[in-house]
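This report covers selected local features of one structure. The sequence and the model come first, and the notes follow.

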Amino acid sequence: MKRKLGYMALPLLMAAAFTTQAHADGETIAVFTKNQTNPFFQTVRVGADNMAKSLNAKTLQYIPTKPDSIPEQLSQIEDVVVKKPSAIVFTPVDYKAMVPGVEKINEAKIPVINITDRSAGGKFLSFVGADDYSLGLETARFLLKTLGGKGNIVIIEGVKGSLTNVDRVRGFNDALKEAPGAKLLASQPGNYQRLQALQVMENLMQSNSQIDGVLAANDAMAVGAIEALDGANRKAQVIGINGTKEAIDAIKSGKLLASGDYNGFAQGCLGTMMAIRSLRSQPVISEIVLKPTVITKDNYQPFDVPLEQRTCPTFEDAGKLSAK
Amino acid sequence: MTDITKEAMMPPRSFLSQDAIQVFYRLLAAFLICAVLAVLSDSFLSLGNILNVLRQASLTFFIASGLTLVVLTAGLDLSVGANVALSACIAGTVIHKTGSPALGILTGLACGGVVGLLNGVMVTALRIPSFIATYGMLWVLNGLTYWYMAGETLHGFPAGFRQIGSGYLFGLPIPVYLLLVFLGIGTFFAQRTIWGQEIYAIGANPVAARLSGIPVARRLLLVYAVSGTMAGLASIIFLSRLNSAEADIGESLTLPAIAAVLIGGTSLFGGVGTVFGTFIGALILTLVLNGMNLLSVSANWQPLVTGVIVILAVWLDMKTRRRTQ
């Protein structure tokens, strides 16, 4: 059986080798994302697949089965180093803890592009991501502008100590400092979970008779807070972050004020594009920090399109999309 | 062996047993927490907040009530949270596809029950320790749910269906009625039926239970199936209350449910504990979080305080138990 498989595989391998030499395509790009549960990474993966397909390359997706598992991503790196893909597009599950993993990839001399969360160490050809701080700042500014710069505000935080949460909440707080008329009532953890955010909101409504604005560190928590408000027949302006399909629907129906989006689809596209360009000895942009988009009822249309039908930005667009 | 002789061997547990004393200590703890919170926060004792706490505790209780029976047999069901996630996602899809909440509810309960039954089969027929069997099941369920949902969320359910989790009847949230019903059924089943007594006997001494003619395997199968079905029920409440389902809801549900069972005084070694105790356990956990939110306790301290409460509760439990024995 084994021998038979070997005979079958041999012509395939030769064909593959031949194509690579002849057309300089058919590269395999290993794409590492943090989990299968956050819709954001689904947009990253579809973006990466989309770009690879259009450039005649293929992707191999590596996702920890246990969300954001450090040991699991480390062993996936060990596996991939043995498998030797042409290049790697990498989101660390933890920006500090995965540095030894990145160093393993560097030692194996596999070109690697960093996307989404900036790794604390290791050598990368390029970084493609967005800035959680400006995401928090811009969404909170939009909320405060809508409220006329005043009102009682609560923050629902994500997982305490996670990089995304620290930066987003710092952005929220800095925007609040710009609006002296606004008062922060509480900043409580919802751990990025819908149910926990709903319960936190229910509890906060008991001790605060007037809440005008809710700043949630992701869309799931924003939607949880809206459910709690609806349940108590109260109204407040709520913002979330991630630009999920659910958030777009809520913006359309007027339940959610806005959601901050850091262009996961574009991150997947551009990360993969940079990987393939470097393999084909074409110029690469070493740093693309995408501007956050505050999705509101005025500009949601381009986000209301199924992922598979979206188109990747071109190399020329990449320069324009960058905030820096 | 007839039921009469079995009953003679195992007299119904009197209410002034060790379990009753344990429940008393827990009620005392819950009252103490309430008293402290009432002093510290004006809004704590408002009717709205009390209903809040009861509704929030109900979800944990539904999961933990079935789990209590499993723990009474000296087993553990680590897959309950993952079971809730899968059942919610499947029930949600059925409601979306067919437009029938009734069909969705039945599917959710059935999905939960089947998963529980499979756990039971692994524990009884294959004799895999429950900790391992249900831990394996946790991974299987996570895998299925992640694959099935592919990073998407389900949301938007009919208004009638939403009533189950978010609606009110005569001023009380509907989950609170369900809580009272299942608290009643659970307590009656465990304390007043032969099957319930047999479950205690299996937990206390499985060998003696088998020798005295209790069909141990069949009772264990029942216990795991009940635990799974209660997870299915919790999934329906979750869907209806949050109006959505996503693959990663399970992880945040399992440990609080286990904690509620343990804080409630059910021993991990089996044979000791009550469903009512579990209700108090769920209540204490909810009260602590509710109180911290009302008092605007910093996000950093919330997990720490919760952890200390769990440790304290189990330590006090062992201490008082030693004294009463």
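Asn242(A) has a relative accessibility of 8%, so it counts as buried (buried means under 20% relative accessible area, exposed over 50%, partly exposed in between, with a 1.4 Å probe and protein chains only). This residue sits in the loop between β9 (237-241) and α9 (245-252) of chain A; helices (H or I, at least four residues) and strands (E, at least two) are DSSP runs, numbered from the N terminus. The phi of Asn242(A) is near 130 degrees, a positive value in a residue other than glycine.

Lys109(A) is also not a glycine and has a positive phi, of about 60 degrees. Its place is the loop between α4 (99-107) and β4 (112-116) of chain A. With 72% relative accessibility, Lys109(A) counts as exposed.

## Basis of the model

The model is predicted: local features need pLDDT of at least 70, side-chain atom pairs count only at pLDDT 80 or more, and totals for chains, interfaces and linings use all residues. Residues are numbered from 1 along each chain as its sequence is written, chains are lettered from A and ligands numbered from 1 in the order in which they are written, and side-chain values use heavy atoms, with hydrogens and water left out.

## Cysteines

Over all chains the count comes to 1 disulfide, a disulfide being a pair of cysteine sulfur atoms within 2.5 Å. The bond joins Cys269(A) and Cys312(A), whose sulfur atoms are 2.0 Å apart. Cys269(A) lies in helix α10 (residues 264-279) of chain A and Cys312(A) in the loop between β12 (293-295) and α11 (315-321) of chain A, so the pair ties together parts that are 43 residues apart in sequence. The torsion about the S-S bond of Cys269(A) and Cys312(A) is about -75 degrees, so this disulfide is left-handed. Both Cys269(A) and Cys312(A) are buried.

In chain B, Cys89(B) is buried, with a relative accessible area of 0%. The closest cysteine sulfur to that of Cys89(B) is in Cys111(B), 9.5 Å away, which is too far for a bond. Cys34(B) is partly exposed, at a relative accessible area of 23%.

## Helix contact between the chains

Helix α7 (residues 194-207) of chain A packs with helix α11 (residues 216-242) of chain B at an angle of about 60 degrees, the axes being 11 Å apart. Axes are lines fitted to C-alpha atoms, for helices over the stretch in contact, and angles run from 0 to 180 degrees between N-to-C directions. On the α7(A) side the contact involves Arg194(A), Leu195(A), Leu198(A), Gln199(A) and Glu202(A), and on the α11(B) side Phe238(B), Arg241(B) and Leu242(B); contact means heavy atoms within 4.5 Å.

By class, this contact of α7(A) with α11(B) has 4 nonpolar, 1 polar and 3 charged residues. Ala, Val, Leu, Ile, Met, Phe, Trp, Tyr, Cys and Pro count as nonpolar, Asp, Glu, Lys and Arg as charged, and the others, Gly among them, as polar.

## Helix contact within chain B

The axes of helix α8 (residues 174-192) and helix α13 (residues 275-294), both of chain B, come within 8 Å and cross at roughly 145 degrees. Leu179(B), Leu183(B), Gly186(B), Thr187(B) and Ala190(B) of α8(B) meet Val275(B), Phe276(B) and Phe279(B) of α13(B). The residues in this contact of α8(B) with α13(B) are 6 nonpolar, 2 polar and no charged.
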